[in-house]
Amino acid sequence: MSRTTGWGWPLVMVFVLSALSGCGGSSPDAARDDEETPEEPAVPVEVAVAEIGTISAAWRGSATLEAEAESDVVARVGGIVETLMVEEGDPVRAGDALAKLDTDQRALELRQAKAELERLRADHDRNKAIFRENLISREVFDRTRFELESAQASYALAQLALEHSTIRSPIDGIVSERYVKVGNLVAANSPAFHVTQFDPLLAVFHVPEREIHKLAREQTAMLSFDAWPDEEFRGQIDRISPVVNPDTGTVKVTVHMQPAGRRLQPGMFGRVRILYDSRDNAVLVPADAVVTEDARDAVFVIVDGQAQRRDVTVGFAEGDKVQIESGVEAGATVVVTGQAALRDESRVEIVGQPTEDEPEPEPDAAASQGGLD
């Protein structure tokens, strides 16, 4: 029994080896190893074509509209407001009456000054004739002359005070604010109205000193405002401050706006865009095509169904377009959506492209005859 057991194990091994070599097949594990590794699934992407075009560089910032001329209209004399001649929003010309103060007291003062002037003029004329006859001294004659001149000045002041009882606009413009009401007691030299000129309007903004070299006088500026979201308003750089504000490190720039009627108003806050350079025959791609990683810009280009990552040098940017100075040629197909799932040489599936219209099938001859023999 022990002898049979000792010889049995080697015989079993020989039998198994013979069987394997005889059948010439492969084991299931070996078959699985021979199977090909499945292909990586294609990444769906959206693409665009790099084009040749013109692109401009612009400085962008924010600006506030100001009036070139505006003024607080003050009451030159004190008094009670009797009549209002204008309201806020009314256009006025220089010299137009805005309001009238009570004039009773000033009218009486003018009559008093006139009477005193006439009395002293009569005295002076009489003394002049007497002085020619050497009947009065020069001292007396000069005294009456001086008194006459003083009366003339007093009369002129009383006349001017009566005229100043009417408050008048010093400039052309629009009444932008009224500070007084009928019956109010107005003190001398206190503001009664505010008049603003709407033409021209100025857009004022401040540019960092490191960027001021991009701007110059007479450059075109385009401004947009929330009140008119679908429209841009044109202006031109009128002046650039020659000094840098040491507190902010900025330079004041003033743009002269073209007339826009009453649509633009002082105090409006807008966004300014100033074109300072332009390049023709530039390679342009959508801004979404550029990916930035580790401070390096790159674009994925589709070549033979694969995405190739290419480092690029980016130039000007305008709207949704970016200039590519190097790294991509015009006509290249670039990925604009789906870059997050891509790596170099990933297989891609382009989606979102319109397909060519398939030719319509020719109608069946029998059907075209309506089934009649």
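Predicted model: local features only at pLDDT ≥ 70, side-chain atom pairs only at ≥ 80, totals over all residues.

Me: Okay, how many salt bridges does a search of the whole structure find?
Reply: That search turns up 13 salt bridges. In general, side chains of opposite charge can pair when their charged atoms come close.

Me: Which residue does R119 form a salt bridge with?
Reply: Its partner is D123, and the closest N and O atoms are 3.3 Å apart. R119 and D123 both sit in helix α3 (residues 104-132), and because they are four residues apart there, about one helical turn separates them.

Me: And R119, what's its relative accessible area?
Reply: The value is 44%, so R119 is partly exposed.

Me: What about R263, which side chain does it meet in a salt bridge?
Reply: R263 meets E231, at 2.8 Å from N to O. That pair links distant parts of the chain: R263 is in the loop between β14 (250-257) and β15 (269-286), while E231 is in strand β13 (residues 228-240), 32 residues apart.

Me: How accessible are R263 and E231?
Reply: R263 has 32% relative accessibility, so it counts as partly exposed. E231 is partly exposed too, at 28%.

Me: Then R273, what does it form a salt bridge with?
Reply: With E232, where the closest N and O atoms are 2.9 Å apart. This pair also connects distant parts of the chain, with R273 in strand β15 and E232 in strand β13, 41 residues apart.

Me: Is R273 buried or exposed?
Reply: Buried, because its relative accessible area is 18% and the cut-off for buried is under 20%. E232, on the other hand, is partly exposed at 38%.

Me: Switching topic: what's going on with E211, does it sit buried or exposed?
Reply: E211 is buried, yet it has no salt bridge. The nearest side chain of opposite charge is R210, 4.2 Å away, and a salt bridge needs the nitrogen and oxygen within 4 Å.

Me: So what does the side chain of E211 join up with?
Reply: There's a polar contact of 2.4 Å between the side chains of E211 and W59. As for location, E211 is in the loop between β11 and β12 (220-225).

Me: Which residues gather in the patch of negative charge on the surface?
Reply: That patch brings together E66, E70, D72, E88 and E177. Taking one of them, E88 is in the loop between β4 (79-84) and β5 (91-92), and its 45% relative accessibility makes it partly exposed.

Me: Now the backbone, which peptide bond is cis?
Reply: The one from D199 to P200 is cis, with omega near 5 degrees. P200 lies in the loop between β10 (191-196) and β11 (201-208). Most peptide bonds are trans, and most residues other than glycine have a negative phi.

Me: What's the phi of A295, then?
Reply: Near 65 degrees, a positive value in a residue that isn't glycine. A295 is in the loop between β16 (291-293) and β17 (296-303), and it is exposed, with a relative accessible area of 77%.

Me: And D304, what's the phi there?
Reply: D304 has a positive phi near 55 degrees. You'll find it in the loop between β17 and β18 (306-311), exposed at 78% relative accessible area.

Definitions and conventions:
Residues numbered from 1 in each chain as written. Heavy atoms only, no water. Patch = residues over 30% accessible without salt bridge, like charges linked within 9 Å, V, L, I, M, F, W, Y side chains within 5 Å. Areas by Shrake-Rupley, 256 points an atom, 1.4 Å probe, with all protein chains shown as cover. Lys, Arg positive; Asp, Glu negative; His and termini not counted. Charge placed at Lys NZ, Arg CZ, Asp CG, Glu CD. Helix = DSSP H or I, 4+ residues; strand = E, 2+ residues; numbered from the N terminus. Buried < 20%, exposed > 50% of the residue type's maximum accessible area, 1.4 Å probe, protein only. Polar contact = N/O pair within 3.5 Å; in protein donor to acceptor, adjacent residues only side chain to side chain.
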